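Have a look at the chain below, and keep it open as you read. The notes start with ring pairs and then move on to the fold and its cores.

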Amino acid sequence: MKILITLEYRFACAIAEYLLRYLTANQVTVLRCLVAVLIMPAWIYGSFIVRCLIVFVWGVCWYLDRVDGVMAREFWQASETGKWLDPLADKIQFYANAALFWDISSHIALLSLFVLDAFSTVERGFGTGETKE
């Protein structure tokens, strides 16, 4: 198992090194967030083949969460903005996926969870970088 973890980490580092030629860690975070939101109409109106492709794209977006973390930590890209942007992007990406089940969910509950979740993330990230108690 340790070998798989090491291989995955090396793979994430290789992708991070390549992406660093063109993007910062924060730009990767924003990009994965935008992609997650922008492919929603394709999921709603697309065919079975398009949906299969979207599942792959979502997987890439979630893996890019790992890669932007490696970029930030291992390649000195960490920033105060990234400390609140990354968890906020995770939430946007998660709720963009959850919104696809809008018809079978409670709209008020889903919106309330998103607003409270996003607010708590932003509140923790602004200011001194310390969590409030």
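## Aromatic rings

Rings of Phe, Tyr and Trp (its six-membered ring) count as a pair if their centres lie within 6.5 Å; planes under 30 degrees apart make the pair stacked, over 60 edge-to-face, and the rest tilted. By that rule there are four aromatic pairs here. Phe94 and Tyr95 form an edge-to-face pair, because their ring centres are 5.0 Å apart and their planes stand at 80°. Phe94 is partly exposed, at 46% relative accessible area, while Tyr95 counts as buried at 11%. (Buried is under 20% relative accessible area, exposed is over 50%, and partly exposed is in between, with a 1.4 Å probe and protein chains only.)

There's a charge to look at too: the charged end of Arg51 sits over the ring of Trp43, 5.1 Å from the ring centre. To qualify, NZ of Lys or CZ of Arg has to be within 6 Å of the ring centre and within 35 degrees of the ring normal.

## Where the numbers come from

This is a predicted model, where local features need pLDDT of at least 70, side-chain atom pairs count only at pLDDT 80 or more, and totals for chains, interfaces and linings use all residues. Residues are numbered from 1 along each chain as its sequence is written, and side-chain values use heavy atoms, with hydrogens and water left out.

## The fold

The protein has six helices and zero strands, taken from DSSP runs (H or I of at least four residues for helices, E of at least two for strands) numbered from the N terminus. Of its 133 residues, 30% are buried. Among contacts (heavy atoms within 4.5 Å) with a separation of 6 or more, 73% join residues 24 or more positions apart.

## Two nonpolar cores

A nonpolar core is a set of buried Ala, Val, Leu, Ile, Met, Phe, Trp, Tyr and Cys residues joined through side-chain atoms within 4.5 Å. The largest one has 11 residues, including Ala12, Leu19, Val28 and Val67. Helices α1, α2 (25-38) and α4 (48-74) each supply at least two of its residues, and α4 gives the most, with five. A second, separate core has eight residues, among them Ile39, Met40, Trp43 and Leu100.

Which residues does Ala12 contact, leaving aside neighbours within four places in sequence? They are Tyr63, Arg66, Val67 and Val70. Ala14, also in α1 (residues 2-19), is partly exposed at 43%.
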